[in-house]
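Here is a short briefing for a first look. Take the sequence and the structure together, then read on.

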Amino acid sequence: MRNRVYLNWFNYINRGLIFTVLAIMLFGNLMVYSATHVYDNPYQFLQKQLVFSFLGLAVAVGFMFFDYNRLRQFIVPFYVLNIFLLIVVFFIGKDVYGSTRWIPLGFFNLQPSELAKLVLIITFGEFLADRKGDIKEVKDWLIVAAHVGVPMFLIMLQPDLGTSLVLLAIMLGMLSVSGLRWQQALAIFSIGLSVVFAVLKFGLLHEYQMKRILVFLDPSIDPTGVGYNLKQSKIAIGSGGFLGKGLFSGTQSSLGFLPVRYADFIFSVVAEELGFLGAGAVLLLFLALLIKCISIAKSSGNLFGSLMAIGIGSMWLFQIFVNIGMTMGMMPVTGVPLPFMSYGGSAMMMNMMSVGLLANIYAHRLK
């Protein structure tokens, strides 16, 4: 009898999703070790990343075994708690590289802006599903602007431009499958363009953020300062060639030319050491992951579940595009991590919670 119960649950699990995520995560751990094995303590970052990975797996399993529709009862507490944590950061937050994004908990530094992504996916999904995806009234659009704008504004103040833009990508992805008309899309695009113009015109960005944008437009203006990371990253990717220099043999990473190589620039290490083939394999795994998001959204049979699956897919698509783009100089350096691969506990936890939620939506597709 017990074996039959386990067999039934096994049939409910989306094995393709689980195997794809595990493959990316294991590959990410390997590359984190490759990027840091020359340190005095070669296992320091790998050990922590493995702990984050196993804790993430436990959290993902926990997110599989309940009816995700019950989340709709807790939308207001989720949203209020997240806003509270985003405000608390300004009072007791830990400052790293000029940004205050983390709440020190002793054993772990919590990054509320990572949690904000999943909270937005759940709460905005409920908002759209409650209206059956049909937003016509001006007051509804004002609610949309406040719903997304408040956490975006708080995250920008940290300052963390990259994560605030992830929230915008999640909103647009979810709106696009909820019947967004082309006139509404044009209006949102115009408003967004006006906001970007105002931010640049009135100098609302921090000096280093402005420099990153200017370096993106012209990499030669500060090759030893703000443009140093980008220059070293492009050298690493270009020197990898077709087959790469070999695992643990990347000179840009092991000799310390590439800063923060275990986090935001982990893709540069992959391209340098494993070449075009290794980088292509990573892209194929991410493509398989995004296809899984779409197929789960289509099979959900529940608008709330479909919207959350698309929100998760939109979040990952934007982060993959921006992270890899910035390592190659195609996007400004904004500190957006590569899902499941960049070093970091909060990001790993949030991504694994998203995996658990996706698996949950798939398991309940026939109910």
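Buried means under 20% relative accessible area, exposed means over 50%, and partly exposed lies in between (1.4 Å probe, protein chains only). This is a predicted model: local features need pLDDT of at least 70, side-chain atom pairs count only at pLDDT 80 or more, and totals for chains, interfaces and linings use all residues. Residues are numbered from 1 along each chain as its sequence is written, and side-chain values use heavy atoms, without hydrogens and water.

**Partly exposed Gln 47**
- Gln 47 counts as partly exposed because its relative accessibility is 48%.
- Gln 47 sits in helix 3 (residues 44-64); helices are DSSP runs of H or I with at least four residues, numbered from the N terminus.
- Val 32 is 15 residues from Gln 47 along the chain, and their C-alpha atoms are 10.0 Å apart.

**Nonpolar core**
- A nonpolar core joins buried Ala, Val, Leu, Ile, Met, Phe, Trp, Tyr and Cys residues through side-chain atoms within 4.5 Å.
- The largest one has 87 residues, and Phe 124, Trp 316, Phe 340, Met 341 and Leu 357 touch the most other members.
- Helix 12 (residues 266-299) supplies the largest share of this core, 13 residues.
- Beyond its neighbours within four places in sequence, Phe 340 has contacts that include Val 21, Leu 289, Trp 316 and Val 355; contact means heavy atoms within 4.5 Å.

**Helix 4**
- Ile 92 lies in helix 4.
- Ile 92 counts as partly exposed because its relative accessibility is 48%.

Technical notes. Helix = DSSP H or I, 4+ residues; strand = E, 2+ residues; numbered from the N terminus.
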